Amino acid sequence: MTPALASGEPRRWLDDPVLTVEHLTMRFGGLTAINDLSFSVGRGDITALIGPNGAGKTTVFNCVTGFYKPTEGRISLRRGRGITDEAVAELTRSGAQSRKTPQGEVFLLERMSDFRITRTAGVARTFQNIRLFGGMTVFENLLVAQHNKLMRASGFTIAGLIGLPGYRRAREAARDVAVDWLKRTALIHRADDPAADLSYGDQRRLEIARAMCTDPSVLCLDEPAAGLNPRESAELNALLRSIRTEFGTSILLIEHDMGVVMEISDHIVVLDYGKKISDGTASEVRNDPKVIAAYLGVDDEEVEAVEEKLERGDVDGAVQSAHVSGGTPA
Ligand SMILES: Nc1ncnc2c1ncn2[C@@H]1O[C@H](COP(=O)(O)OP(=O)(O)OP(=O)(O)O)[C@@H](O)[C@H]1O
């Protein structure tokens, strides 16, 4: 039975999570960037990871995608519906990186290289700073993304590359996938242009298209709305919603644009100084005094005053208190 939120809404994301982060800690020398963090990403949900600058959001992404080896903790990914907690526990005991089950495959990402996390666990990522192949065309960027798939079809041989029908079919399928994503992201008319010639908003959409060409189990987006104008932000919202509804792809998102976060997220996890301070739906998190305090830079002793005002339904007053106590919005 799914535990309920204070508001009575069920915590759906705990039912059959695609990704589970448990007791994650990441230290850099004397600095603890992530401190005993646990949260789940619901299958097919848009989950946002938010928090003030330096809260540890990118570090979580770097642990999930294998760029960093966590100091402690477990990060399990269940590729397939209905994989049990027991299957994850058995994999943990076995010391292996992954294990097939009748429902699919389970992976322990903290044991895997970034390359295997992308290729076999199916975690795709975009970066805060756009990382496209600027000199290649828009279309070529989407073909390169499918390189792993094509190499498998070639049998990793030259003969395969030049002659095998299996490879030719895979190449045609890769082209079809690329064209489909160019249409979905409204970039088909730019297919033959160098990626570097696209506007900033178009490049952001191309990055997402490139990640989606790999058919990911989890799509990690690091600040996809950064630098977008309101029209481009609205287009991004529509694209992410369509990815969720049409493909059922689970999305984990870092985002500072609260308009985007509150509008599209099914579930929001809030970090501050590497610790989780709130975890719930948009309406829960929006009214959580700890979140308001963290964003507005309230001193610890002022949090109670903010909480009291919020309990009375006085959100404006709570925000005012936060400003008076010297905080500035992040
Ligand atoms: N490779 C590293 N070496 C040392 N310290 C690091 C490293 N990576 C991150 N940190 C530190 O960890 C803390 C969390 O940083 P992180 O980039 O994860 O925060 P963030 O929430 O993503 O911030 P922002 O919103 O500004 O991008 C910061 O104090 C940062 O300086």
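The protein has 14 helices and 11 strands. The model is predicted. Of its 330 residues, 40% count as buried. Among contacts with a separation of 6 or more, 65% join residues 24 or more positions apart.

## Domains

The domain assignment divides the protein into three parts: domain 1 (1–122 + 216–281), domain 2 (133–215) and domain 3 (287–330). Between domain 1 and domain 2, 11 residues of the former are in contact with 11 residues of the latter. On the domain 1 side, the elements that give two or more residues are β8 (218–222) and α9 (230–247). The most comes from α9, with 4 residues. By class, this side of domain 1 has 8 nonpolar, 1 polar and 2 charged residues.

## The ligand and helix α1

Around the ligand stand Phe 28, Leu 31, Ala 33, Gly 51, Asn 53, Gly 54, Ala 55, Gly 56, Lys 57, Thr 58 and Thr 59. The elements that give two or more residues to this shell are β2 (31–42) and α1 (57–64). The largest share, 3 residues, comes from α1. Sorted by class, the shell has 4 nonpolar, 6 polar and 1 charged residues.

Helix α1 is largely enclosed by the rest of the structure, because 7 of its 8 residues are buried. These are Lys 57, Thr 59, Val 60, Phe 61, Asn 62, Cys 63 and Val 64. Two of the buried residues, Lys 57 and Thr 59, also belong to the shell around the ligand. After α1 comes Gly 66, which has a positive phi, near 85 degrees.

## The nonpolar core

In soluble globular proteins, nonpolar side chains tend to be buried together. The largest nonpolar core here has 77 residues, and the members that touch the most others are Leu 49, Leu 109, Ala 209, Val 218 and Cys 220. What does Cys 220 contact, leaving aside its neighbours within four places in sequence? The partners are Phe 61, Val 64, Thr 65, Val 123, Ala 124, Arg 125 and Leu 252. Phe 61 and Val 64, both among these partners, are buried residues of α1.

Ala 209, another of the core members named above, is one of the buried residues of α8. This helix covers residues 200–212, and its 13 residues should span 18 Å at 1.5 Å a residue; the end C-alpha atoms are 19 Å apart, so the two values agree. Helix α8 is mostly covered, with 10 of its 13 residues buried. The buried set is Gln 203, Arg 204, Arg 205, Leu 206, Glu 207, Ile 208, Ala 209, Arg 210, Ala 211 and Met 212.

Thr 20 lies in strand β1 (residues 17–28). It counts as partly exposed because it has 18 C-beta neighbours inside 10 Å, where a buried residue needs 20 or more. Not counting residues up to four places away in sequence, Thr 20 touches Ser 40 and Ser 76.

Asp 257 is found in the loop between β9 (250–254) and α10 (258–264). With 17 C-beta neighbours inside 10 Å, Asp 257 is also partly exposed. Its contacts, leaving aside neighbours within four places in sequence, are Ala 225 and Ser 233.

| Pair | Separation in sequence | C-alpha to C-alpha distance |
|---|---|---|
| Thr 20 and Phe 39 | 19 residues | 6.1 Å |
| Asp 257 and Pro 224 | 33 residues | 9.3 Å |

## Positive phi in strands

Most residues other than glycine have a negative phi, and most peptide bonds are trans. His 23 is not a glycine, yet has a positive phi of about 50 degrees. His 23 is found in strand β1, the strand that also holds Thr 20. Is His 23 buried or exposed? His 23 is exposed, because 12 other C-beta atoms lie within 10 Å, and 12 or fewer is the limit for that class.

Asp 36 likewise is not a glycine and has a positive phi, of about 55 degrees. Asp 36 has 14 C-beta neighbours inside 10 Å, so it counts as partly exposed.

Note on methods:
Residues are numbered from 1 along each chain as its sequence is written. This is a predicted model: local features need pLDDT of at least 70, side-chain atom pairs count only at pLDDT 80 or more; totals for chains, interfaces and linings use all residues. Domain bounds come from an automatic or database domain assignment. Two residues are in contact if their C-beta atoms, placed from the backbone, lie within 7 Å. Ala, Val, Leu, Ile, Met, Phe, Trp, Tyr, Cys and Pro count as nonpolar, Asp, Glu, Lys and Arg as charged, and the others, Gly among them, as polar. A residue is near a molecule or strand if its C-beta atom, placed from the backbone, lies within 6 Å of it. A nonpolar core is a set of buried Ala, Val, Leu, Ile, Met, Phe, Trp, Tyr and Cys residues joined through C-beta atoms within 7 Å. The expected span of a helix is 1.5 Å times one less than its number of residues.
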